[in-house]
Amino acid sequence: MKVQKQSNDTPIEQSFIATCATPQKADYRPLKVALLDINERLENRLRYFFSDRCQGDYVVDVDPQSADICLIDLDGLRGKSYWAKHAEHQHNCPAILLSLHKTEVENAKWLQKPLQANLLHSELEKIREKLHLQQRQATPASLPNSSAETEVALSGHHQELRRKIKSLQAVLKKEEIRRAQLNVCRQGDNPPLLSEPADVPTRQISVGNQEIKTAVPFIGSTPDVDLDNETQRAWVQYDPKKFLIGRVQKAIKLAETSGRPVSISSSHGSITIVPMTREVLVEIDGQRLQSLASQPVNDDEYQLSVQDSVCDIPGQTHRRPVEAFVWELTLWTSLGRIPVNVSPNNTVIFKHWPNLTRLQIFPQATRIAALWAKQTHTLASTAQALEIPQRYVFSFFSAAHAIGLATTEEAISEEIASEENPVKSNSNRTLFRKILRQLSLH
Amino acid sequence: MDNYKILFAGPVSAGKTTAITSVCATPPLTTEAQATDISRDSKTTTTVAMDYGTMQLLGIETLHLYGTPGETRFDFMWDILSKGSIGLVLLIDNTHPDPFSELHFFLRAFKKFIKKSRIVIGITKTDICVTPRINDYQAQLRNVLPNIPVFSVDARNQIDVALLIEALMVSLDLELAA
């Protein structure tokens with residue numbers, strides 16, 4: 001028997017934990033990265049990596065033609081053909097190739113899978129510098145606010161400050177658009193999205209700014225409401241039947257009963273439920289789907305049809321497990337709200353923990369699941385017990401409800417609230433806090 | 001300094017060593033030796049004493065991760081290593097011909113420990129063998145250990161393993177600050 005030391009490989013996710021050093025950048029425009037033949041899980045991680053640890057310096061671009069950088073998985077089904085096509089037509093767009101086995105390539109950087117975050121980050125930064133240099137050489141007078149002299153004169157502190165401001169502006173702009181969309185969705189309701197309701201007590205919110213920023217696409221930004229106030233309660237409710245998720249759930253039921261694939265066709269593309277493999281074949285790209293998910297649908301917008309076989313399904317599709325697809329689509333639809341037929345004052349019946357490693361994770365999800373697994377709570381009391389905004393609880397419940405893992409009791413029992421066990425403190429809390437901070441998944 | 005431990009257990013080839021390697025900031029120590037007849041089919045070497053890795057926390061404290069040997073002839077190590085652990089990460093290989101029997105075997109083996117602590121279960125190699133599914137495992141556990149986290153886990157994937165540990169941590173203490 002021998003005691004041996006293992007190699008010190010650091011997978012990409014490790015750097016989600018290790019803080020990426022803030023780079024000194026001259027050009028703070030987010031670079032668009034096209035992900036070609038990258039699987040869903042890696043794409044999700046890269047999106048997270050770009051937005052969270054890279055602080056929005058890189059964004060995913062669905063169109064390789066307009067992208068600044070192409071990331072291609074050579075092990076994917078179409079990876080090699082993508083690379084061949086790219087090498088032929090897009091000489092000016094730098095590419096990073098990924099594969100399990102070493103690959104000799106010209107005019108591109110190769111990185112071995114599993115991805116090393118530091119290496120990927122370093123390559124991206126090199127490309128950024130190179131692109132910026134090319135840009136400055138090509139258009140030296142096109143930077144009115146950041147001439148070369150000014151750039152040199154700016155201290156690291158100023159550069160960092162400017163980067164933060166730009167990043168903040170981008171977030172604010174995104175949020176403005178999202179809120180405008182939400183207002184359209186809720187015409188007539190006029191919820192006070194931009195300010196807390198006057199009669200809502202101020203609550204200590206335990207989530208940090210960074211967490212809020214990364215979680216917004218999934219839990220929204222709806223403020224807490226007084227759940228005993230009917231008008232305010234309506235602001236945090238939505239009717240799934242009026243959204244794409246309602247059509248998807250109808251299609252899933254139809255597919256399960258008929259035992260045949262069911263397609264939802266629309267001008268945006270098709271979504272096909274395949275009951276035999278429990279998969280969804282999606283023709284619509286992620287960003288468009290996210291946008292469609294939050295918009296109410298017209299009656300004739302999506303057509304359901306039973307297919308004879310999966311061979312009938314046209315076009316290029318992404319495959320997703322049904323559960324993961326429904327979970328994510330529900331989060332995009334819910335945005336921190338609950339289905340209209342659910343009372344937040346009823347007790348939550350939690351079947352079991354969702355398979356969180358294969359679902360879109362968001363802040364507080366594990367805490368909510370752990371609480372419901374251990375104690376009986378209502379939606380309202382969950383937020384209070386965990387000292388988190390209601391929208392986290394509502395999002396988690398909506399998603400778990402959509403995949404059949406959570407529901408609420410019909411009857412409201414006032415005693416439940418008073419009998420609910422207080423959350424017990426643990427003597428190891430300090431340690432656990434440190435561990436969670438170290439894990440830093442969200 | 002206190003020794004806070006998390007124990008990784010499970011059958012041979014479930015991915016205990018890999019999981020510890022993927023989640024540790026520092027290279028773990030392993031005790032690999034040539035596999036016996038039982039485990040030779042799946043891999044050439046196997047853990048014979050323990051795996052040991054650390055996660056350096058902020059400040060000077062360290063979380064210690066211990067991996068048990070999967071072979072039952074080393075089961076005396078299971079009790080030794082479980083002493084002082086704050087929680088158990090049980091990994092089950094989904095490609096095993098009868099993963100449920102493996103699951104129940106290890107739940108019985110660590111029964112005493114589970115009674116006084118917390119457990120999370122990671123199902124590995126679900127990319128190679130998709131069945132049984134997580135819901136099937138939950139059904140198996142319904143009457144034994146209801147409402148514990150059971151996740152599909154790629155032991156090579158730091159996020160998967162870290163999420164499993166996070167689920168264990170929040171189960172141990174719900175009053176964690178984000």
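Predicted model: local features only at pLDDT ≥ 70, side-chain atom pairs only at ≥ 80, totals over all residues.
How many disulfides does the count come to over all chains? The count comes to zero.

**Cysteines**

Select A:Cys70 and A:Cys93. The closest cysteine sulfur to that of A:Cys70 belongs to A:Cys93, at 3.8 Å, which is too far for a bond, because a disulfide requires sulfur atoms within 2.5 Å. A:Cys70 is also buried, its relative accessible area being 0%. Then move to chain B and select B:Cys24, which counts as buried at 4% relative accessibility.

**The parallel sheet of chain A**

Return to chain A and display strands β3, β2, β4, β5 and β6. In that order, these five strands of chain A form an open sheet with parallel pairing. At its edges are β3 (58-61) and β6 (109-112) of chain A, each of which pairs on one side only. From one strand to the next, the twist averages 25°.

Within this sheet, select residues 31-36 and 69-73 of chain A. These are strands β2 and β4, paired in the parallel sense over four bridges. To find one of the partners, select A:Leu36: its bridge partner in β4(A) is A:Ile72.

**The antiparallel sheet of chain A**

Now display β11, β8, β9, β10 and β12 of chain A. The five strands form an open sheet in this order, and their pairing is antiparallel. Strands β11 (303-306) and β12 (318-321) of chain A stand at the edges with a single partner strand each, so one side of each has no neighbour in the sheet. Neighbouring strands here are turned against each other by 20° on average, direction ignored.

Focus on β9 (residues 269-274) and β10 (residues 279-282) of chain A, which pair in the antiparallel sense over four bridges. Which residue of β10(A) stands opposite A:Ile271? Selecting A:Val282 shows the residue in that position. Then bring in helix α9 of chain A, residues 244-258: this helix lies across β8 (262-266), β9 and β11 of chain A and runs at about 150° to β8(A).

Centre the view on B:Phe8. Leaving out residues up to four places away in sequence, B:Phe8 touches a set including B:Lys16, B:Ala19, B:Ile20, B:Leu65, B:Val89, B:Val161 and B:Ile165.

**The loop at B:Thr68**

The last stop is B:Thr68, one of the residues that B:Phe8 touches. B:Thr68 lies in the loop between β5 (62-67) and α3 (76-82) of chain B. Is B:Thr68 buried or exposed? The residue is buried, with a relative accessible area of 0%. Neighbours within four places in sequence aside, the contacts of B:Thr68 include B:Leu7, B:Ala9, B:Gly10, B:Trp78, B:Leu81 and B:Phe110.

Notes. Residues numbered from 1 in each chain as written. Chains lettered and ligands numbered in written order. Heavy atoms only, no water. Pairing = 2+ DSSP bridges. Helix = DSSP H or I, 4+ residues; strand = E, 2+ residues; numbered from the N terminus. Axes fitted to C-alpha atoms, helices over the stretch in contact; angles between N-to-C directions. Contact = heavy atoms within 4.5 Å. Buried < 20%, exposed > 50% of the residue type's maximum accessible area, 1.4 Å probe, protein only.
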